[in-house]
Amino acid sequence: MKVPHSSLLTLALLLNHLSSVSGGKILVFPLDGSHWVNMNVLIEELHAKGHEVTVVRASDSWYVSEKSPFYTSVTLPGTGGFEENFETFLSPQLEIRLQGKPTSFWSHIWTGIQIQQMVINQFSQLHNRMSEMIVQMFEDENLMRSLHDAKYDVVLTDPGIGVGAMLARRLQVPLVFNVRWTIQGEAHFLIAPSPLAYIPFTATELTDSMTFPQRIKNVLSYVLGMYTLSYITEPHYKPVVLRYFGPDVDYSTFFLDADIWLMRNDFIFEFPRPTMPNIVYMGGFQCKPAKLLPVDLEEFVQGSGDHGVIMMTLGTLVGKLPQDVAEEIAAAFAQLPQKVIWRYIGERPAGLGNNTLLVNWLPQNDLLGHPKTRVFVTHGGTNGVQEAIYHGVPIVGLPLFFDQPDNLSRIRAKGGAVILDIATLDRHIFADSLMTVLYNSSYRESMQTLSRLHRDQPMKPLDQAVFWIEYVIRHKGARHLQTQSNKMSWFVYNSVDVIAALLTVVLVIIFTCISIVRLLWRMIFVGRKVKHE
C-alpha cells in the first residue's frame with residue numbers, strides 16, 4: 001500500500017521534533033532531604049525521555065546517592081552533615097513546643113519566639129554552608145572547566161538554596177526552578193502580584209477571606225517575614241555575588257531570573273491568586289495510582305473488615321516522639337475498631353493495642369490508594385498532603401515544623417482535615433478527632449471532590465513539567481515569558497515616582513488656581529476700595 005506523501009511529511013516533522021528534545025544535557029543542583037524526593041521524580045522521568053542528567057551532590061549527602069541508573073554525579077566534599085544538622089535541630093524544637101504548653105497568651109508567644117530563633121539560626125547555618133560550597137566550586141578550575149565543556153542545555157535546581165541559580169549564571173545556561181520555596185520565601189511573593197488583602201502570607205494559617213484583624217496580622221507577618229528572610233540569606237550570598245559577578249550585579253536577580261518556575265502546588269491546594277506566564281503548576285506530579293501492598297501488609301489491612309485502616313506517619317524527619325506523647329497516641333488508637341499502621345521507630349508504647357502495627361517504613365502512596373484506608377494522620381508535608389488529595393483520603397493533622405501548619409490549614413479550609421496541636425494532645429482529644437473524621441462523611445466527601453478536581457486535567461502534571469523543561473531546551477530559554485517587573489525596584493514597580501509626579505502636578509495646579517483667585521480677589525477688592533475713596 002502506498003503511503004500518502006502528506007503522511008510521510010507529517011511523520012518526518014514529528015521525528016524531527018522528537019529528535020530536537022531527545023538527548024538534552026541537564027545539570028541538576030538539588031536540595032537534600034525531602035526536597036530530593038520530588039527532584040528525583042523529575043530526574044527519573046527526564047532519563048526515561050532520553051535526556052542525559054548530571055547531579056551535583058555533597059559527599060555526605062543524606063538522600064542523593066553517588067551512583068544511580070538515572071544520572072551521573074559530580075561529588076563535592078561534604079558540607080557538614082545535612083541529616084545530622086536537621087536531626088539535632090528538629091528534636092530540640094519539638095521539645096520546646098511540648099514543654100511550652102500554651103497555658104497563657106504570653107507563654108505561647110515566648111514559645112514561638114524560641115522556635116523562631118532556632119529556625120533563623122539553623123537556616124542561617126545552612127545558607128552559610130551553601131555559600132561556602134559556591135566558593136569551593138568556583139575556585140576549582142578543573143571542575144568549572146569540565147562543567148563549561150559539557151555544554152549543558154539547562155540547569156534544573158531547587159531555589160531553596162542559592163547555589164544552582166549562581167551556577168547557571170556562571171555557566172550562562174538557561175535556568176529552571178523546581179520550586180515552592182525559595183531562599184527569599186514562597187515563590188509567588190517574589191515574582192507575582194500578591195495583594196495582602198486576600199493572599200495569606202507564609203505561616204499565618206489564614207485563608208483568602210480575612211477579617212480586618214486578620215489582615216493586620218497578615219501585613220505585619222509579611223513585613224517581619226521578608227525582613228527575617230533577608231537577614232538569614234543576604235549576609236552569606238551577597239559577598240559571593242560581589243566576589244564573582246561584580247558590584248554592578250544585583251544579588252536579588254539570581255533568584256528571579258529562572259526561565260520557568262515549576263511550581264509544586266496548584267489551585268486545588270492553593271487559594272486563587274495572581275500568577276505569571278512562566279509559572280507552571282505541577283501540584284501532585286509525584287502522585288501515581290496505588291500498587292499492590294506486600295503480602296503481610298495486605299493481610300493486615302484485609303483483617304480490618306468494614307472498619308478499614310488508619311495510617312499514621314510524621315515523615316522522614318520525625319520517626320519517634322517523646323514517650324509520653326507516643327503513649328497517648330497509642331492509647332487513642334487502642335480505643336478504635338479500625339486497624340492502624342503507624343510508622344514509628346521509637347520505644348514501643350506500653351499501651352499499644354492489638355489493632356496497631358508499628359513499622360519502620362510504609363508504602364505511603366500505596367496505602368493511601370487502598371480502598372480500606374479511612375484516615376491519614378500526618379504532619380502535613382507537601383508530598384503527603386498532595387497524595388492524600390490525589391487519593392481522596394481525609395486528614396487528621398499534627399503539624400510540627402516549617403510549612404506544615406500552612407499546608408494543613410489549606411486542607412482544613414477546604415473541608416478535608418482536622419488539625420491538632422501536639423503540645424496539648426492527649427488520648428481523648430486525639431480519639432475524638434479521629435472519630436470525627438471517621439464518622440462525619442463530609443471530610444471524605446470534601447477530599448473526594450478535591451481528588452476529582454485534581455485528576456480532571458488535560459495533561460498529567462509530571463508530563464507538563466517535562467514538556468516545559470524540554471521547551472526551554474528547544475528554545476534555549478523562555479525569556480519571552482519573563483515579566484519586566486523582575487528588573488524594577490519597588491519604587492518603580494509600585495509607580496511611586498509616577499504618583500509623586502502626578503501629585504506634584506495636581507498641587508501645582510491647585511496652588512496656581514489659589515494664587516490666581518487670591519490675585520483676582522485682591523484686584524477686585526482693592527479696586528473697589530480705591531474707587532470708593
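1. Let me start inside the protein: at a relative accessible area of 0%, Leu262 is buried (buried is under 20% relative accessible area, exposed over 50%, partly exposed in between, with a 1.4 Å probe and protein chains only). Leu262 belongs to strand 8, residues 260-263. Helices here are DSSP runs of H or I with at least four residues, strands are runs of E with at least two, and both are numbered from the N terminus. Leaving out residues up to four places away in sequence, Leu262 touches Leu42, Val176, Phe177, Asn178, Val179, Val280, Met282, Ala465, Trp468 and Ile469 (contact means heavy atoms within 4.5 Å). One of these partners, Val179, is 83 residues from Leu262 along the chain, yet the two C-alpha atoms are separated by 5.8 Å.

2. A word on the basis of these notes. This is a predicted model, in which local features need pLDDT of at least 70 and side-chain atom pairs count only at pLDDT 80 or more, while totals for chains, interfaces and linings use all residues. Residues are numbered from 1 along each chain as its sequence is written, and side-chain values use heavy atoms, with hydrogens and water left out.

3. For the overall picture, the protein has 18 helices and 15 strands. Of its 533 residues, 50% are buried. Among contacts with a separation of 6 or more, 65% join residues 24 or more positions apart.

4. After helix 2 comes Gly50, with a positive phi near 95°.

5. Helix 6 is mostly covered, with 7 of its 9 residues buried. They are Val163, Gly164, Ala165, Met166, Leu167, Ala168 and Leu171. Gln172 follows helix 6 and has a positive phi, near 60°.

6. Now for helix pairs. Two packed helices are described by the angle between their axes and the distance between the axes. Helix 6 (residues 163-171) packs with helix 8 at an angle of about 5°, the axes being 12 Å apart (axes are lines fitted to C-alpha atoms, for helices over the stretch in contact, and angles run from 0 to 180 degrees between N-to-C directions). Helix 6 is therefore roughly parallel to helix 8 (under 35 degrees is roughly parallel, over 145 roughly antiparallel, 65 to 115 roughly perpendicular and the rest oblique). Met166, Arg169 and Arg170 of helix 6 meet Tyr237, Val240, Val241, Tyr244 and Phe245 of helix 8. By class, this contact of helix 6 with helix 8 has 6 nonpolar, no polar and 2 charged residues (Ala, Val, Leu, Ile, Met, Phe, Trp, Tyr, Cys and Pro count as nonpolar, Asp, Glu, Lys and Arg as charged, and the others, Gly among them, as polar).

7. The second pair is helix 12 (residues 382-391) and helix 13 (residues 404-413), which pack at about 20° with axes 9 Å apart. That angle makes helix 12 roughly parallel to helix 13. The contact involves Thr382, Val385 and Ile389 of helix 12 with Asn407, Leu408 and Ile411 of helix 13. Its classes for helix 12 with helix 13 are 4 nonpolar, 2 polar and no charged residues.

8. Lys151 is not a glycine but has a positive phi of about 55°. It lies in the loop between helix 5 (141-150) and strand 4 (154-157), and Lys151 is exposed at 64% relative accessibility. Lys476 also has a positive phi, near 55°. Lys476 sits in the loop between helix 16 (461-475) and helix 17 (490-493) and is exposed, with a relative accessible area of 68%.

9. Finally, Asp208 is in the loop between helix 7 (188-191) and helix 8 (212-245). With a relative accessible area of 30%, Asp208 is partly exposed. Its contacts, leaving aside neighbours within four places in sequence, are Tyr198, Pro200, Phe271 and Pro272. Asp208 and Arg273 are 65 residues apart in sequence and 8.9 Å apart in space, C-alpha to C-alpha.
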